[in-house]
Amino acid sequence: MRYFQLVLCIICIAVFSMPLKAQENTNQNKFRQLKQELATPNVYRNAAGAPGHEYWQMKADYKMSVELDDEKQRILGAHKITYHNNSPDRLTYLWLQLDQNMRAKDSDSHKIATSEINDRTSFRDIRKLTNDFDGGFKIQKVEDANGNPMDYTINKTMMRVDLPEALKPGESVTFGMTWWYNINDRMQIGGRSGYEYFEEDDNYLYTIAQFFPRMAVYNEVEGWQNKQFLGRGEFALAFGDYEVSITVPADHIVGSTGVLQNPEEVLTAEQRQRYKEAETASEPVMIVTQDEAEAAEESRSSDTKTWIFKAENVRDFAFASSRKFIWDAIGVPLGGRTVMAMSYYPKEGNPLWEQYSTKVVAHSLRVYSKYTFDYPYPVAISVHAARIGMEYPMICFNFGRPNEDGTYSARTKYGMIGVIIHEVGHNFFPMIVNSDERQWTWMDEGLNTFVQYLTEQEWERDYPSRRGPAYKMVPYMKGDKNFISPIMTNSESIHQFGNNAYGKPATALNILRETVMGRELFDYAFKEYSQRWMFKHPTPADFFRTMEDASGVDLDWFWRGWFYTNDHVDIAIDEANVYQMNTQNPEIEKAIAREIEEAKPDITKMRNQDAIAKTALEADPSLRDFYNDYDRFKVDKGDKQEYERYMNKLEDRERELMENSKHYCEVKLSNIGGLVMPVILEFTYEDGSTELHHIPAEIWKINHEKVSKVFVTEQPVSSVKLDPYRETADTDESNNHWPPKNEESRFKIFKQRNYWSSGENPMQRAKRLGDD
């Protein structure tokens, strides 16, 4: 009775304590589906990750005239916007982006910028503290199609234009505005666009972007995407058609989004002929040679020329202008069309830019097209601009400048090639697959960095890619969790921006391709996503769902771990045990037992062989009895009879198992880091041969902390190695071995001359020493 009462008491305590534990008992299984995290599918975006049957998006067309003031470094412009309401909603106002306003003296970007003074504080840092640049748009007027003033409100980097009457579904409205702004000196105060001044020849190189008030995106996900531009979270933009007239000094060369409409007015007959030759050339053709560019540097034309460009179905527009530009081009056949790959660069970019830039552009177009879709635009341009890498439709601005003596380091060369690939690749993500950069940096930077890695590896074997391979993400992922944000963090709130938005998602996709899904399934699904969302606005859920839908692989566990947490990968081999089944056959088992017994070391026995001259038994044979001569490892009749009876009781399949000579290896694993991942084990056998076992991540589906698995082998396992090819980003390789293995580290005890610290790169050193 007392026992019964005790049980009741325990049950009562457990029942009454249940409400206190309820919150702790929520489903924490790492394989639970992403139902709560992802938006509910609807008629606009379906559960397969594709645009729904009622998907819609807005369109904004621009007709624009801008003038580059080379004396005062200003942009003056006027443009008309025709905004097409393809939504089912009535709109009473429109929102536009005023990105230049982040450079206004009273901008929030300046106010919220954190700063400190230490031994690394530079003059540039101090200049940023003062913020004396008169930046930001100067809006002069906003008017309707008939020239009537329109009401508008400027809220920092956003502007609301109030419509005199609601814009109904299916209708369009045209309005215009006039504006100007001062161009920032990129080399002094930074910026995605601006100018670089060349003191030695008193010239400017302008890279101009975010230079006009642009329509914000309106969709069913965010309504108006009017989140302020603070500097990190880039752009969300509507597609449209552009006609832009750009007036510059007559001795300038202009590269731009779109196709030049008036080459007869701005190019010489010889330049036009060279361009035509470039369309079918096998090597880049110089449209403007270095000699011509150097001659233009000395000129100071007081006249102007107007370059007219048209671009269809683009989300933005940018251009570059300078009298310093060398210009080369080559035609790239793609999908039955010829795309013009082109580069614009000052002489300071040579010899690197003439040798590599346009060929890298062409290579990038071919490789990206292979993994996504054929590049649909007519041109792709790389412009050399010191210290930046920035992208716009059909044109990008890229760093990579040699030393004045023409030499360059390997870092400069591969940095230049890498940034050109990356920025040209942005034509695909987000210029065409048009994600919301203001919310999710990783959707364009991460995906683009991943395809950049594939493109780099097709450029040169063993190309020194900075990002992509799993092991290169380890230092970041094993760092202080207080400074590691989940990938699914808004663009403005990310710790370690480059690692989080570029490196980690690129690494995650490479792991999916190489380790989780395999190349065939991944490539098909990734291309499906790219083609589904060409010229549309995808969300993270659309990407996640498409990758699963097109491959037939449940990846919710992967998205949850890699994108929604800051967990890391650290799987450990706790122990491994090698077994062989007991055959019950005395002829076999007793021989094995004898071998084991005889192999056991006994230090006392070893020393007593010499220390004891004669034992009592050896001195007096009368002490011997049965057990002195009994051999417990000798097989007798009883052993044989017992074995025969045992075998007769077994079924044929059981008897076959007993008689085989298989070996068994039990491996016990712990998940220390939190991220569940496939388990890749390499067995090394006694004869030195190896075998790889690839176990899907679902091995952790019941217990995500500890698992055990037994492997059947043909011969004994002598060692086990976890993740032998470093493909899971495991942050601690010291626990990846059985038997445990210490990784040897090397150290230096002497001083070594560092050529880098003296400013001498290997190319300069080779020249100095006369080496080839």
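Predicted model: local features only at pLDDT ≥ 70, side-chain atom pairs only at ≥ 80, totals over all residues.
The mean pLDDT of the protein is 93, and 95% of its residues reach 70 or more. Then select residues 1-23, where pLDDT stays under 50 and the model has zero contacts beyond four places in sequence.

Next, go to the second largest pocket, which has a volume of about 440 Å³. To centre the view, select Val221, Glu222, Trp440, Thr539 and Pro540, which lie nearest the pocket's centre among the 32 residues that line it.

Thr515 counts as buried because its relative accessibility is 5%. Showing what surrounds Thr515, and leaving aside neighbours within four places in sequence, you will find contacts with Pro678, Ile680, His694 and Glu727. For a sense of scale, draw a distance from the C-alpha atom of Thr515 to that of Arg632, 117 residues apart along the chain, and the separation is 53 Å.

The backbone deserves a separate stop. Most residues other than glycine have a negative phi, and most peptide bonds are trans. Against that background, select Phe429 and Pro430, which are joined by a cis peptide bond with omega of about 15°; Pro430 lies in the loop between helix 9 (410-425) and helix 10 (442-459). A cis bond also runs from Trp738 to Pro739, with omega near -10°, and Pro739 is placed in the loop between strand 30 (737-738) and helix 22 (762-769).

Now turn to phi. Lys156 is not a glycine, yet has a positive phi of about 60°, and this residue is found in the loop between strand 5 (152-155) and strand 6 (158-167). Ala729 likewise has a positive phi, near 65°, and lies in the loop between strand 29 (717-722) and strand 30. Is each of these residues buried or partly exposed? Lys156 is partly exposed, with a relative accessible area of 46%, whereas Ala729 counts as buried at 1%.

Finish with the cysteines. Select Cys396, which is buried at 1% relative accessibility, and then Cys665, which is also buried, with a relative accessible area of 1%. With a cut-off of 2.5 Å between cysteine sulfur atoms, the count of disulfides comes to zero.

Methods: Residues numbered from 1 in each chain as written. Heavy atoms only, no water. Buried < 20%, exposed > 50% of the residue type's maximum accessible area, 1.4 Å probe, protein only. pLDDT = per-residue confidence, 0-100. Contact = heavy atoms within 4.5 Å. 1 Å grid on protein atoms, 1.4 Å probe; cavity = no way out; pocket = protein on both sides within 12 Å on 5 of 7 lines; lining within 4 Å. Points joined across faces, edges and corners; volume = space filled by probe spheres on them. Helix = DSSP H or I, 4+ residues; strand = E, 2+ residues; numbered from the N terminus.
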